[in-house]
Amino acid sequence: MKNFPMFLRMDGRRVVICGSGEEAARKARLILKTEAEIVVVGRDLDPELAGLVASGRARGVDEAEAATFDGAALCFIATGDAAEDARLRGMARAAGAVVNVVDRPELCDAFTPSIVDRDPVVVAIGTEGAAPVLGRAIKTEIETMLAPRLGSFVALAGRLRGAVAEAIAPRARRAFWDRAFNGDPFRAHLAGRERAAAEMLKEAIAGGAAPEATGHIALVGAGPGARDLLTLRAVRRLQEADVIFYDRLVDHEVLELARRDADRVYVGKEVGAHAWPQDRIDRLIVAEAAQGRRVVRLKSGDPSVFGRATEELEAARAAGIEVEIVPGITAASAAAAAIGRPLTERGETDTFVISTGMCKPGDASPDRQLMARPGTSMAFYMAVEKAAELQADLLSAGAPAECPVEIVASAETARQRHASATLATMAECIEREGLASPAILFVRYPKSMAAARATRAA
Ligand code: SAH
């Protein structure tokens with residue numbers, strides 16, 4: 001570590017910013033978040049800097065003199081003139097300030113990190129100048145992980161710290177804060193119910209115990225596999241979870257986003273072997289939530305598409321347990337995106353059908369007469385093994401043999417495969433290419449194809 005990160009006290013300190021352009025304004029923007037006194041040195045100030053001076057938040061000085069730097073904690077220099085930068089740096093250092101000269105690392109005592117600001121929580125990221133682009137990418141990742149309201153909750157916790165110390169015995173304090181940050185109060189605050197959050201904390205303080213834990217079940221969409229195709233809400237639920245029940249199609253990349261100490265329960269096996277019976281899953285998730293735990297039922301894609309969500313919703317509701325659905329990117333969306341194709345095309349396909357090749361044992365196949373209509377874009381789930389039957393059904397329902405077909409297996413995973421065919425060659429193509437589950441079969445019957453047929457017939 002060539003540079004050592006520290007948080008500087010800024011209240012009552014002076015920060016001198018030398019320069020009148022955008023670079024100087026950028027530094028001013030950072031320092032504005034603090035309580036430091038700001039002095040801007042330069043003529044012809046950029047409108048933002050001029051505004052700061054006009055409003056009284058910063059003091060403007062045309063020309064620096066030794067006294068300008070008196071008591072300065074920090075000095076940023078960005079005049080755009082190398083000789084002037086060096087001269088000002090000498091003055092600032094003589095006054096004992098820590099100096100940062102924009103774009104001149106050899107003249108810097110300190111560097112400004114990328115900052116994620118959830119005041120009073122502040123994350124600073126530095127790469128010692130080796131990879132600023134990476135620094136910004138890391139900042140983006142952290143920005144997405146930390147809820148915008150995190151800061152105000154931490155500030156609330158800070159205000160209550162004294163009261164907690166008085167009301168809660170030292171041994172129980174850790175549990176109190178653990179429950180506050182991992183339980184209902186923080187969640188309520190994040191959801192915008194800030195008053196409720198404060199009340200929960202105050203009630204707990206009055207009762208001399210940790211806030212109560214209420215169980216909760218979230219049916220969370222894990223998307224097709226790639227972890228950056230999860231929603232931010234899904235990531236948050238994974239990080240709040242006490243226990244996660246996950247399916248065979250859920251990628252390990254995704255599970256890594258879960259809280260380290262959450263219990264993980266695998267409830268599905270590869271095709272052919274036995275999965276857990278649904279009623280056993282229903283019973284277990286309800287039993288866990290009934291003990292006050294946060295349960296995540298993680299399902300591939302979107303939980304409400306061929307995900308047997310109904311059984312789990314009903315089981316939770318019957319037991320009086322709060323349950324929510326966190327939507328995910330369903331396989332059809334992911335597969336279409338992976339091959340760079342839209343699911344619908346204006347003027348060509350104005351109906352989009354999601355259907356399955358596999359039904360409940362004993363049920364008849366879906367009515368394919370209804371789908372084989374001009375203007376229809378179809379996505380078939382769980383259908384690779386049933387491709388021959390599907391193909392025969394659609395053809396006999398009147399879909400043209402030349403309807404374009406795309407088969408996308410394991411979309412958005414390292415094993416992704418794609419093949420193109422027509423309705424006449426679909427089953428044979430799957431066989432030849434060795435395409436296997438999980439896969440989406442796209443069949444398109446564009447309007448123009450029906451029109452061309454009609455013309456030929458006439
Ligand atoms: N709830 C899931 C679907 C579960 S049913 C969703 O919304 O995506 C399982 C079927 O989903 C598989 O048989 C396959 O048709 C499809 N599927 C799931 N993941 C897939 C992937 N990564 N690529 C292609 N198809 C996938």
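This report covers the ligand site and the aromatic pairs of a predicted model.

## Basis

The model is predicted: local features need pLDDT of at least 70, side-chain atom pairs count only at pLDDT 80 or more, and totals for chains, interfaces and linings use all residues. Residues are numbered from 1 along each chain as its sequence is written, and side-chain values use heavy atoms, without hydrogens and water.

A polar backbone atom of alanine 439 is 2.7 Å from a ligand oxygen. For methionine 382, a backbone N or O atom lies 2.9 Å from an oxygen atom of the ligand. The protein covers 95% of the 550 Å² of accessible area that the ligand has on its own (Shrake-Rupley method, 1.4 Å probe).

## Aromatic pairs

There are seven aromatic pairs in the structure. Ring centres must lie within 6.5 Å; planes under 30 degrees apart are stacked, over 60 edge-to-face, the rest tilted. Tyrosine 246 and tyrosine 266 have ring centres 5.3 Å apart and planes at 35 degrees, so this pair is tilted. Tyrosine 246 is buried at 12% relative accessibility; tyrosine 266 is partly exposed at 31%. Buried means under 20%, exposed over 50%, partly exposed in between (1.4 Å probe, protein chains only).

Phenylalanine 306 and tyrosine 381 pair edge-to-face, 5.3 Å centre to centre with 65 degrees between the planes. They are 75 residues apart. Phenylalanine 306 is partly exposed at 38%, and tyrosine 381 is buried at 9%.

Methods. A polar contact is a pair of N or O atoms within 3.5 Å; within protein, one must be able to donate a hydrogen and the other to accept it, and residues adjacent in sequence count only if both atoms are side-chain atoms. Rings of Phe, Tyr and Trp (its six-membered ring) pair if their centres lie within 6.5 Å; planes under 30 degrees apart count as stacked, over 60 as edge-to-face and the rest as tilted. Helices (H or I, at least four residues) and strands (E, at least two) are DSSP runs, numbered from the N terminus.
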